[in-house]
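Opening the notebook on a new model. I'll jot down what I look up as I go.

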Amino acid sequence: MRPTLFVAVAAASRMIAGAACAQMTHYSAKLAGAAGVKGTGEVQAMLDGKTFTYSATYSGLTGPAVAAHFHKAATPGGNGPPVVPAVVTPSPIKGTATLTDAQVADLNAGKWYFNVHTAANPTGEIRGTLTKQ
């Protein structure tokens, strides 16, 4: 009787774990600047339900990062308002946020980009659009 119970519990555990993993979506972005800007970076992010977890690395900026945000753009390559602020730290910048249904929809539609701001480039020195992996 016990081996049957063990097999049933193991099978149920795999199904639950599979369902949990099925809800996770991964995103990434390469960060670069306009012509003449040498800074680069990368964002790796994961959405689990409405929990958004991210890590952004950067290097080669004209100075220290003074702000960083996830923005929503109405059109690809366009500018838009910040939707999730990041706490700026020396690279890497890491954080977690709880998203709204509308934010999840915009993220999945490819409307989000990450922007790192410096004193020399207050509107953003490097940026990249998040894409699903």
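Is N115 buried or exposed? I get 4% relative accessibility for N115, so it counts as buried (under 20% relative accessible area; exposed is over 50%, partly exposed in between, with a 1.4 Å probe and protein chains only).

Ground rules: this is a predicted model, where local features need pLDDT of at least 70, side-chain atom pairs count only at pLDDT 80 or more, and totals for chains, interfaces and linings use all residues. Numbering runs from 1 along each chain as its sequence is written, and side-chain values use heavy atoms, with hydrogens and water left out.

Back to N115, which I find in strand β7 (strands are DSSP runs of E, at least two residues; helices are H or I, at least four; both are numbered from the N terminus). Its side chain reaches the backbone oxygen of T123 at 3.2 Å. Leaving out residues up to four places away in sequence, I list its contacts (heavy atoms within 4.5 Å), among them A67, H69, H71, T123 and R127.

Next I checked helix α2, residues 101-108. Its buried residues are Q103, V104, D106 and L107. They sit on the same side of α2, because their arc around the axis is only 165 degrees (taken from the directions from the helix axis to the C-beta atoms). Just after α2, I see G110 with a positive phi of about 80 degrees.

Key
Polar contact = N/O pair within 3.5 Å; in protein donor to acceptor, adjacent residues only side chain to side chain.
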